Amino acid sequence: MTALCDLSCLIVDDDNFMLLALSKLLNSIGIKRVVTCDNAQDALKHVANRNNQYDIIITDLNMPQMDGIQLLRHLSSLGMNFSVILVSGEDPRLLESVKSLGEQQNLNILGSLNKPVRRDNLEALLESYQPHCTTAPKGPASMVFATELQAAITNEDIEIHLQPQVSLDDKRIVGVEALARWNHPEKGNISPNIFIGIAEKHGMIRELTDIVLQKSIQEAARLRNLGFNITMSVNFSAQVLCSLELPEILSETLSSSGLEPSHIIVEVTESSLADDRNTMLDILTRMRLKGFGLSIDDFGTGFSSLEQLCQIPFTELKIDRSFVHQANNNKASQAILESSIALAKKLQIKSVAEGVETDEDLALVKQLGCDYMQGYYTARPMPAGDFTLWVKDYIKQLA
Ligand SMILES: [Mg+2]
């Protein structure tokens, strides 16, 4: 049996008090590696990143936007090994049916707990955790999914949606981020948090990146031709950032588009920097030499050292949503947000706040001197074809 203190846990609950109470409880039981997420989307994104390995995911059922059942469905397609504990204030019978639902999806459900959670009940479930006989899918579910994803990639059914970034100074639109979308014929829109994880696991990430890159460059060229003076940010998975020829491929893809390298910003998540450092430094430095912008994405969620940050010639620091949205109510988030913006200023690079959704979020990032913002406050990601219309509306509102 794994010693309890060696377990790593992720807690998902929309109630911050619950997150705090549960982490304290876990700590008091001896579990040190505890990460919390206040919504299911962030949790998925987090789990899909193969640098983040959890033994146990403790999730609430009743959450806005994506509930616990939806989260379990998405988790089951990831094909990773972890166990689940359900926590809810709901009727114990409902908890039981969710438990069997999860088991049907090949998830290893350790059990369910009622709120308020009692230490002895939690401890008993944790004790029952067994690392190697989990029923998590090796898994037929994830294989079917992978086959479908491969077909979607081959048929170029992966679309890009655009989310604008605007200057906090003068509200001008400075860029867009291209976000991959897979519209599955039966399952509908599948979150990139899911299919990117699957693509990484089944060796398709390179092909997926190629398509997204090509489509993003086409779109950037189209928008430039329409007179938009904006950059296009494209996400690169850590797995892709180990091919040394990547900077050349990027230049080649760009060459016939009429775009300058500076029109493209390569986004690399902070957590991916933990991988093969030398290769990544080589690739990123040569991209920068060629003139591409380099952005450190999801900043604050990884553990990059200052030394690492200074070594890689980033041009932009993108602060993760979790330190931006509702940071006015959270001293810890606000401190991280503030110091991230200050760090960007010291490094003389641009700061971008992700997850600006409310007037309060906007006021705070503005007050702290952030350069750009991205988030629902300005616009949700939209199909590329809708962007021009959106800009017209946006400009009308400014006037
Ligand atoms: Mg990004």
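Let me start with Gln-41, which sits in helix 2 (residues 40-48); helices here are DSSP runs of H or I with at least four residues, strands are E runs of at least two, and both are numbered from the N terminus. This is a predicted model, where local features need pLDDT of at least 70, side-chain atom pairs count only at pLDDT 80 or more, and totals for chains, interfaces and linings use all residues. Residues are numbered from 1 along each chain as its sequence is written, and side-chain values use heavy atoms, with hydrogens and water left out.

Gln-41 is partly exposed, at a relative accessible area of 25%. Buried means under 20%, exposed over 50%, and partly exposed in between, with a 1.4 Å probe and protein chains only. Leaving aside residues up to four places away in sequence, Gln-41 touches Gln-65, Met-66 and Asn-193; contact means heavy atoms within 4.5 Å. Asn-193 is 152 residues apart from Gln-41 along the chain, yet their C-alpha atoms are separated by 8.0 Å.

Next, the metal. Which residues are the protein donors of the magnesium ion? They are Glu-177 (OE), Asn-235 (OD1), Glu-267 (OE) and Asp-297 (OD), lying 2.1 to 2.3 Å from the ion. Donors are N, O and S atoms within 2.8 Å of the metal (3.2 Å for Na, K and Ca); water is not among the atoms, so sites may look incomplete. Glu-177 in strand 7 (residues 173-184) and Asp-297 in strand 11 (residues 293-299) are 120 residues apart, so this pair links distant parts of the chain. Both Glu-177 and Asp-297 are buried.
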